[in-house]
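Reader: Could you walk me through this structure slowly? I am new to this and would like to ask questions as we go.

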Amino acid sequence: MGKRITIDPITRIEGHLRIEVEVEGGKVVNAWSSGTLFRGIEVILQGRDPRDAHHFVQRSCGVCTYVHALASVRAVDDAVGIKVPANARLIRNLLNGAQYQHDHIVHFYHLHALDWVDIVSALKADPAKTAALADNTSNAPWGGRQYFKNVQVRLQTFVDSGQLGPFANAYWGHSAYQLPPEANLMAAAHYIEALRMQAKAARMHAIFGGKNPHPQSLVVGGVTSVADLTPDRIAEFLYITKETQDFVKNVYIPDLLAVASFYKEWGGIGGCTNFLTYGEFPSSEQEPESFYIPRGIIRKRDLGKIEMVDQQKVTEDVTRSWYVKSEPKHPFEGETRPIEENPQYDPDKGQYSWAKAPRYDGLPCEVGPLARVLVAYAKGHAEIKAGVESTLKQLDIPASALFSTLGRTAARGLEAVAIGEAMQGWVTELVENLKNGDTRTYQPYEMPESASGVGLNDVPRGALGHWIRIEDGKIGNYQYVVPSTWNLGPRDGAGNLSPVEEALIGTPVADPQKPLEVLRTVHSFDPCLACAIHVIDPHSNEVYKIKVV
Amino acid sequence: MEKGHNFYNRIKAKGVSRRDFMKFCTFLTATMGLSAAYVSKVAQVFAAPSSQRPPVIWLHFAECTGCSEATLRTMYPWIDELLLEVLSMEYHETIMAAAGRQAEEQLHAAVEKHKGKFICVCEGAVGTKFNGGYGKMGGRTFLEIAKEICPQAAAVVCIGQCSSFGGIQAAAPNLGGWKGVGEALGIKTINIAGCPPNPVNFVGTIVNYLLFGKLPAVDDLGRPLFAYGKTIHDQCPRRSHFENEEFVEEFGSPEAAMGYCLYKVGCRGPETYNNCPVAKFNDGTSWPVEAGHPCLGCSEPNFWDKMTPFYEPL
């Protein structure tokens, strides 16, 4: 009988997550993932004006800001039966791309890095050697002995104050930390630079979206930010895109590879089996054919066989979740309700999470950067393929290493590069449209009395679907199935583990009192629990046929 | 200034000129509504020897983390300066290195060590139905945690709509009995309203506290008057269009391109107290009306129910 370890709260994520693992012989042999907060946004939407939905659902998450609003307006656009003008499509793509850039930078440095980087060790580094390391590995615009000495002094001052703040009572000195002090100091300096870069990158949302977090320029039918389609404003946006992309290419990716080179054994830990992506970034009205990031499903890690996505095969299972019992249903069917009591946590036999268990054809599927990169790679996507091959070569690891915590983390960086490059093309396209006299940003429409629509999207954390049914001109039914629900939900009624639960099996744990290794894999999924649990399906007896895509 | 571990010397070492530093203090002072005479005093707050930075314990309840993210966007001062030189962020789940048991130990140690002296920042609403069972951390409900920790703080600052007034989850039908922290506990809180608020308003409140040793003057909803004393409408650059009855009636129209008043497409500016037109977001880049979209009224209590449908005029 192994030892049970509970980690609650999991920190450096969004939302409220509890992870429990059973450790035997120094490795994880079983794992349970539990979301501990339930808010009810899908219920709140019932009976409201469909045009308002995207403002409500955007508040599913402020880390994954924008993405739910995007998915929502697309679903309602679909229900109403309109296509937005090209400029609106481009601006929506640009805001999505900006979100990817921002989200991935913050994730790597501020949510994930401290699992791999020992801040206290940075205090012992030799600044001159750190400068030499940085010269060799990074193209960052800041460096030199004095620069790293200043960072070190700043950190030392902070530590000497005795007030360790966010660094207090952590796992410094843990045997699983493998970076030399100089690498730790380099990473710490870039952690601080990244704190400033993200504030600057967020201005992209403010330019076309009014503000960040929670941009406010999307509407059903298009976008409203017409005053920002001037040369100087677009140039401002382009400037920030380029600055952010420079950071991704010259700082983030080199740091990622440098850190990964010390942790290559993580290419064999934390992998999943099936992968799903809806695809993203339409370059015309043809969907999904024109997507920059392609749509597809991979079963059993078979990169030779990419299936098309049939979203009728998406179901959510609530057997092990705190809802009234029900058979697994497609988002538009069935009747599920949260239990109306203080939930009892029973991971061994009963219900143990507020998250539901999404399944595709009954299978758990990993969603997110790795799913996207694998599908794109298998489909011969030029930029992604080049990025993957270069990464495998530089780290000298086999392709099988992609199916792991290291692979997932590397994929996040690779797609940031590709999307950042693509964004500059979209800006050029926008400028060309405007030069040619097409300034349309909005498609007028009539709200139908009854209609149904769906928006399938891929956003930084993975595959995101929003489904709406309009009845008497109001929201009759609203459902969304979210990336972190796919990745961090519980087991289903058939006993299949969710992706994170499967990924944790086999993780080495050197010290059960300090389960740092467990955090590495959990964080690699970039969990967002506020997204994962938005709540119950509204009562519905009708079966709705979703278009096969 | 003497060598030492003070904020001014550190930013000087990073190449920020004294001129820029004073510009920043001036901006912050102006935002806080203080006279020019206070500029040097604000400068002193940040230049003071940081032998003991003021402790802050940040609690997350039913929230989306948008308010933490908004704070991360601060550029006056930068978030790294706020975290490393100005405040001592004793507990913040989004950024802290420790997890699980170590995180909980840190929370309790910080509360114990700084009892009566820490600022408790609350983000997110507290559930009251089913004994608060819809929201838990470390096996305890948010209600239990708030009841234990908030009374031990020197002050409770609610950042955002959820902790101030209940927020999105409190919108009808409010399945979890979600309430703002003040209402759930029956205590007075200072409420930095907005969904999310402009970080300038949060930082301004903290600076006011560091400067005067007390929190700024507030309105009857607990919102600092320096930021929430006037309506959007009274500060709006499109006000002359309102007065001239020049309205946008449909998005994408020539009137929209001309930046006409958004009243007829649902702007809540006349009934919303906040400083968005003046402070603007993300280093003064923009705000919703400038981006062509009506104000939602997101700094008003229960705006999700009271201000909807958003696109129908008031």
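This is a predicted model: local features need pLDDT of at least 70, side-chain atom pairs count only at pLDDT 80 or more; totals for chains, interfaces and linings use all residues.

Reader: Where in chain A do Tyr100(A) and Phe281(A) sit?

Author: Tyr100(A) belongs to helix 4 (residues 86-112) of chain A, while Phe281(A) belongs to strand 7 (residues 280-282) of chain A, and the pair links distant parts of the chain, 181 residues apart.

Reader: And are those two buried or exposed?

Author: Tyr100(A) and Phe281(A) are both buried.

Reader: What about Trp172(A) and Tyr177(A), why is that pair called stacked?

Author: Their ring centres are 6.1 Å apart and their planes are at 20°, so the pair counts as stacked, because planes under 30 degrees apart fall in that class. Trp172(A) is buried, and Tyr177(A) is buried as well.

Reader: Which residues form an aromatic cluster?

Author: One aromatic cluster is made up of Phe108(A), Tyr109(A), Trp142(A), Tyr147(A), Phe148(A), Phe247(A) and Tyr252(A).

Reader: Which ring does the charged end of Arg18(A) sit over?

Author: The charged end of Arg18(A) sits over the ring of Tyr345(A), at 4.3 Å from the ring centre. Arg408(A) also has its charged end over a ring, that of Phe525(A), and there the distance to the centre is 3.9 Å.

Reader: Switching topic: how many cavities does a search of the whole structure find?

Author: The search finds 15 cavities of 30 Å³ or more, and the largest cavity has a volume of about 190 Å³. There are 20 residues lining the largest cavity, and the closest to its centre are Ser68(B), Leu72(B), His92(B), Thr94(B) and Ile95(B).

Reader: Which elements give two or more residues to that lining?

Author: For the largest cavity, those elements are helix 4 of chain A and, from chain B, helix 4 (66-72) and helix 5 (79-86). Helix 4 of chain B provides the largest share of this lining, with four residues. If you sort the lining residues of the largest cavity by type, they divide into 13 nonpolar, five polar and two charged.

Reader: And what lines the second largest cavity?

Author: The second largest cavity holds about 140 Å³ of space, and among its 13 lining residues the closest to its centre are Phe167(A), Tyr191(A), Leu195(A), Leu83(B) and Leu84(B). Two or more residues of the lining come from each of helix 7 (145-160) and helix 8 (181-201) of chain A and helix 5 of chain B, and helix 8 of chain A gives the most, with four residues. The lining of the second largest cavity divides into 12 nonpolar, no polar and one charged residue.

Reader: Now chain B, how many helices and strands are there?

Author: Chain B has 15 helices and nine strands, and 66% of its 314 residues count as buried.

Reader: Where does Ser286(B) lie, and what is it in contact with?

Author: Ser286(B) lies in the loop between helix 14 (276-279) and helix 15 (303-306) of chain B. Leaving aside neighbours within four places in sequence, Ser286(B) is in contact with Ala206(A), Gly210(A), Arg233(A), Lys280(B), Phe281(B) and Ala291(B).

Reader: Why does Ser286(B) count as buried?

Author: Its relative accessibility is 0%, and buried means under 20%, so Ser286(B) counts as buried.

Reader: Which residues does a cis peptide bond join?

Author: One cis peptide bond joins Cys195(B) and Pro196(B), with omega of about -10°, and Pro196(B) is in the loop between strand 9 (190-192) and helix 10 (199-212) of chain B. The bond from Thr308(B) to Pro309(B) is also cis, with omega near 0°, and Pro309(B) lies in the segment after helix 15 of chain B.

Reader: Last one: what is the phi of Asp472(A)?

Author: Asp472(A) has a positive phi of about 55°, although it is not a glycine. Asp472(A) is in the loop between strand 14 (462-471) and strand 15 (474-481) of chain A, and it is exposed, with a relative accessible area of 63%.

Methods: Residues are numbered from 1 along each chain as its sequence is written. Chains are lettered from A and ligands numbered from 1 in the order in which they are written. Side-chain values use heavy atoms; hydrogens and water are left out. Buried means under 20% relative accessible area, exposed over 50%, partly exposed in between (1.4 Å probe, protein chains only). Rings of Phe, Tyr and Trp (its six-membered ring) pair if their centres lie within 6.5 Å; planes under 30 degrees apart count as stacked, over 60 as edge-to-face and the rest as tilted. A charge sits over a ring if NZ of Lys or CZ of Arg is within 6 Å of the ring centre and within 35 degrees of the ring normal. On a 1 Å grid over the protein atoms alone, a cavity is a set of points where a 1.4 Å probe fits but cannot get out, and a pocket is an open set with protein on both sides within 12 Å along at least five of seven lines; lining residues have an atom within 4 Å of a point. Grid points are joined across faces, edges and corners, and a volume is the space filled by probe spheres set on the points. Ala, Val, Leu, Ile, Met, Phe, Trp, Tyr, Cys and Pro count as nonpolar, Asp, Glu, Lys and Arg as charged, and the others, Gly among them, as polar. Contact means heavy atoms within 4.5 Å.
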